[in-house]
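This report is a short walk through one model, written for a reader who has not seen it before. Please look over the sequence and the structure first.

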Amino acid sequence: MIACGSMALAATISATLAADQSTQTSTPAGSAPAAAQTPALALVRTYCVTCHNQRLKTANLMLDTVDADQVANSAEAWEKVIVKLRSRAMPPPGVSRPDNATYDSVATWLETALDRAAAAQVNPGRPGELHRLNRTEYANAIRDLFGLEIDSKAMLPADEQAHGFSTNADALSIQPALLDRYLSAAAKIARLAVGDPSIPAGFERYTALKDNSNESTWLAQSERLSEEFPLGSRGGIVARHYFPVDGEYIIKIRLDRTDTGIIRGLQWRNDIEVRLDGVRVGQLSIGGTPEFTGRQGEVGNGNYVEARSPLSNGDDRLEVRVPVKAGMRQVVATIVKPDNLVVEGLGPNAIPIWSREHLNKPDNPLIISSLLVGGPYGARVSPDSPSRKRLFLCQPARDAADQETACATKILTTLARRAYRREPTNDDVQTLVRFYQTTRMQGDFDSGIRAGVERVLLSPDFLFRIETDPAGIAPGTAYNVPDVQLASRLSFFLWSSIPDDELLDTAIRGKLHETAVLEQQVRRMLGDARARTALVQNFFEEWLQTRNVWLLTPDLTQKFPWFDDNLRVAFVREMELFLDAELKEDRSIVDLLTSDRTFLNEQLARHYGMSGVYGSHFRRVTLTDENRLGLLGKAAVLSVTSYSTRTAPTIRGKWLLENILAAPPPAPPPNVPALEETSKDGRPRSVREMLEEHRTNPTCASCHARMDPLGLSLENFDAIGQWRTIDAGAPINASGVLLDGTKVDGPVALRRALVAQKEQFVRAVADKMLTYAIGRGLDYYDAPAIRGIVRAAAADDYRWSSTILALVKSAPFRMRRAAS
Amino acid sequence: MIATRKAISRRMILRGMGATVALPLLDAMIPALTAQGKTPAKGVRRLGVVYHPNGVIYDKWLPKGAGRNFELSPTLVGLEPFKDQLIVVTGLFMDVAEALGDGGGDHSRASGGYLSGVHVKKSDSVVGGGISMDQIAAKTLERETQLSSLQLQMDDNSLVGACDVGYSCAYSSTISWLTPTLPLMTENNPRVVFERLFGATDSTDPNVRAARLRQDRSILDSVMDRVKQLQRQLGAADNARVNDYLTSLRDVERRIQKTEEQSAKEVPDVARPAGIPESFDEHARLLYDLQLLAYQADVTRVITFMYGREQSPRPYPQIGVPEPHHSLTHHQNDPAKMEKCAKIQQYHLKLFADYLEKLRNTPDGDGSLLDHMIILYGGGISNSDRHTHGPLPTIVVGGGGGALKGGRHLVYPEHTPLTNLQLTLLDVLGVPTDKLGDSTGQFQELSEVGA
């Protein structure tokens, strides 16, 4: 009933647009001639209000009663409309839709009007006033304050997330258990930073996969694992350990055992090397001697071995005792590879690493399962330890009390300034000095300083970013965030850490808000390697959800027997190196989709079906396979959007809609049953067949017609990112139609379609980045700011630096709305 | 695993040399606390909650028969040795976990409201639940103990991205809520749990430990002043974050004060765990052992424990189930998949039964720990495939200090609120409460003898 008029109406819409454009310049807002329809009104009347009206209330969007004249009065509704217009998501398929030109022209008209209104009355939003540091930020702050790297995962619990990021102020709660952890962390850090000669000797344990929680590790250790290991080695563990004081330390090695507690691989001699900062400090041999080989009979039928047997505790003797100077150091324990013969044909493993054969046969190769570093013994506090040098700006003469207090005051004032990220008040300093003095009376200068450090680390001024409205401001007004708070916003955004001295000084001097200064600081910060590490590991991993690679559980027994943790680590490493290079070279954001450059090692290259890449180290590679280019060809992305036994095109489609196309789908209806995996006649179904229901059922189709084709076009990539051409016995059909009518078939076509809408992609990135940067979910009133960022970035081909700079200058980042 | 317990001197224990010793924490023998007189003379009642996610195969759960004459089902058969202290409760529902217009999110609503009987707010940032019954109990029971309560779990919380669409991950990763907006985080690392229970000073010297407590208390006092100053600065608006901060400060101060008062209490003679063990089996047993220790040393009387968060994808290859838990539970009535799901449930119950055995063997006051325990075991989802919220698989175990009469299968009319049971348990604990979420009353039957 609507279709027949569409040609005429399209003409009406363009006529109204033309008319309106001429009136826009001459007529002030609020006095458009009553007779003319705005383009928005024409559009919704034709295509939208059949469903979206007061009576039906479809999706709670009533477009018959919105202000189509002064659109700013119904900004929230119109912003929703804009999203649907730009992504072509509405009207749903099967109903009459406008042509592409109309979609874009009406969207532009609406955007212009809303942007103008937003400029006249800025709404920068209001992130939480007390924004707790998440545990990554806490650890980085400690690193920057004291030069100490702490194991934040061991010291502090995981943070909650909201809107996809763990930088969200609302999600970062404070509760008794957390405060307990802060208390013990503060005591430990203070002791490490100051150096405590009475620090009791304790052991710290390191395992092969730092980021893996408690699952068994399927890490093959037959090759050199990474650049940190010496050439000619295989497997092992690398640990960054903080040695708090000068002294002697013990490094112990624990070996892998079968389920019955027998150490594997002791029939042959193995040489284990221990290195400290690259220098060999121990070479230990184990195995191959009669005390191990003479016991074969005991091992034969897999019985428990007597507790005292060397086969079950032979690694007790594997330790070296080393004098070490205080500081952060790298400890490596690895096995010397006896020869460099490569088995031809088969991959590194002849049998799957998770299988019983591999794990439980005692004569399989020796593997190091953990590294323990214990000490100190004979501790001496070195005045030159890196953290002491940073903290102790002065050293008072012994027992000169007034010198001591003056020095303590100086130390604690500087510490407070850096830790609280502002000029400390008199109150702040006096509080700390009192702590110093009380403890000093019963101890010495160092223990007094330790007490001061503890107090700093428990202070809300350290643990939280505090943003309070200026006194006396009118409710609901937008104001510029003061320089000192802006400095914190900047440093936590770009470095996930506290401001450095230069940024802090600039802010305290009140210069940071000046445009030239701000720009210069942003560029300086982006040029610092810390920015790339922080953004890659915190922003990108959460935005793209690739951190979930650590939680993947691909079906090992049937579908993916060759998946192991080496591959898992490779997925992560490829993403890290790829993204790091993109940022370092300040590429265009769009390059993420199209780049033919990546970083591979032999195992990952083979996984991608490429030959000619040898060795376990990562190197830059130019991809020649057109299907593999960019983000959509990365195994990390493809695997976190799949199930453990099969691909999940709907999940991939949703991922694309949310993260690439800025058009997130609404929530599914309740009680959706799972898909049938076999058809009625028992034949296994391809994933495409399983998803048929999505298309035939109209309730499902309204959303799935958008999600499924996107995901199905990637069907050639299986659940762990390998290329395939067959699924359930039939060739893969990777075809689909996107909502704007574009037909796609396979990843290359999909990528071209996405690049054709690259502005949508940049919009999606800006949206996610702003959410991450200001720590609150975005709302309709942020849309003009996002459009501003995209426009500014467009002028520089959407380079990362320009996009980030535009974001920093945008209203939501620079300003804040006062409480109403 | 071979448990090679060498004789470990106390000094070595507290320096963490336990890193090299095989687990489990406790062998069949329970370490006796050296001064028997330190435990309460008459056993005090304790609360435990064990939660399992992703629903059950209800046919395998439901016992045959009712009242005193009932036969344990295939899933529950491992609890046979404890039948006389076991009450199976059937017919309870969590109607508040239904969609009620909010669409999908059954998992989040199931765990989010399990102990509060509240229909949780659909939000992925600002959460809204209700105070959970374990926290209501803790408010009273904490008067005698250092730790108000403990929240433990097997999974960690590092999943990124939304959990249930539209719902914050907080809903599915804990069942304990201190306030309607403060879900309590769970801990899965045994070393961290140990340190929370017994301190992290690494020193045996009582003077050093006492000095640490004094220092902590004075730091917190000073921080409290600053937070109150902030509260004034932030103005009249009720600031949830500041309130949480003050609540937390007071709770931790209370803990320190209690610890100072009870400073004569000794640390038990066990090795400090090095971290998270490699196998689920070891990990679960270790966390159970720590719960027992916590009860025995009376460090806390309220503990909740989750086998995993709702939607947990954990596979169980050690019992022949390599598929991820959650997807397996959407079995669509495939018998092979249902069999595997039931296996997981039996496995969970086996670990639980081993824990009960140890509780029974631990002397406490005039009986055993189990005699004085009130343990609620269950979950917020019934049929795992359909996400129904009733009849919920629910059992109550323990003597309840004489107030619970076990050995019965109580069947209530369908849609009886789960909160009625929880309200009754609060009463048994000595924390009478008028209402909990959607409760409509209490049960008399738990304490009465007879059918």
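Which residues does A:Glu137 touch, not counting residues up to four places away in sequence? The model is predicted, and in it A:Glu137 touches A:Arg132, A:Thr167, A:Arg465, A:Phe492 and A:Ser496.

A:Glu137 is part of helix 5 of chain A, which covers residues 135-146. Its relative accessibility is 2%. Buried means under 20% relative accessible area, and A:Glu137 therefore counts as buried.

A:Ile726 sits in strand 14 of chain A, residues 726-727. Leaving out residues up to four places away in sequence, A:Ile726 touches A:Pro731 and A:Ile732.

## A four-stranded sheet in chain A

In chain A, 4 strands form an open sheet with antiparallel pairing, in the order 3-8-5-6. Strand 3 (233-243) and strand 6 (279-286) of chain A stand at the edges with a single partner strand each, so one side of each has no neighbour in the sheet. On average, neighbouring strands of this sheet are turned by 15 degrees against each other, direction ignored.

One of the pairings in this sheet joins strand 5 of chain A, residues 270-276, to strand 6 of chain A in the antiparallel sense, over 7 bridges. Within chain A, A:Asp271 stands opposite A:Ser285 of strand 6.

## Strand 9 of chain A and two of its partners

Strand 9 of chain A spans residues 368-380 and pairs with strand 2 of chain A, residues 202-207, in the antiparallel sense over 6 bridges. Strand 4 of chain A, residues 246-255, also pairs with strand 9 of chain A in the antiparallel sense, here over 8 bridges.

## A helix pair in chain A

Helix 18 (residues 501-508) and helix 19 (residues 515-527) of chain A pack with their axes 11 Å apart, at an angle of about 165 degrees. That angle makes helix 18 of chain A roughly antiparallel to helix 19 of chain A. The crossing of helix 18 and helix 19 of chain A is left-handed.

On the side of helix 18 of chain A, the contact involves A:Glu502, A:Leu503 and A:Thr506; these meet A:Val517, A:Gln520, A:Gln521, A:Arg524 and A:Met525 in helix 19 of chain A. By class, the contact between helix 18 and helix 19 of chain A has 3 nonpolar, 3 polar and 2 charged residues.

## Chain B in outline

Chain B has 12 helices and 15 strands. Of its 451 residues, 63% are buried. Among contacts in chain B between residues at least 6 apart in sequence, 73% join residues at least 24 apart.

## The seven-stranded sheet of chain B

An open sheet of 7 strands in chain B has the order 5-8-1-13-14-4-15 and mixed pairing. Strand 5 and strand 15 (408-417) of chain B stand at the edges; each has a single partner strand, so one side of each is left without a neighbour in the sheet. From one strand to the next, the twist averages 15 degrees.

In strand 8 of chain B, B:Ile303 is the bridge partner of B:Leu150. B:Leu150 and B:Leu152 point one way from strand 5 of chain B, residues 150-153, while B:Gln151 and B:Gln153 point the other way, and all are buried.

Helix 9 of chain B, residues 280-296, lies across strand 1, strand 5, strand 8 and strand 13 (373-378) of chain B, and runs at about 175 degrees to strand 8 of chain B. Helix 12 of chain B, residues 418-428, lies across strand 4 (86-93), strand 13, strand 14 (394-397) and strand 15 of chain B, and runs at about 125 degrees to strand 15 of chain B.

Notes
Residues numbered from 1 in each chain as written. Chains lettered and ligands numbered in written order. Predicted model: local features only at pLDDT ≥ 70, side-chain atom pairs only at ≥ 80, totals over all residues. Heavy atoms only, no water. Pairing = 2+ DSSP bridges. Axes fitted to C-alpha atoms, helices over the stretch in contact; angles between N-to-C directions. Parallel < 35°, antiparallel > 145°, perpendicular 65-115°, else oblique. Left-handed = near helix turned anticlockwise from the far one by under 90°. Contact = heavy atoms within 4.5 Å. Nonpolar A, V, L, I, M, F, W, Y, C, P; charged D, E, K, R; others polar. Buried < 20%, exposed > 50% of the residue type's maximum accessible area, 1.4 Å probe, protein only.
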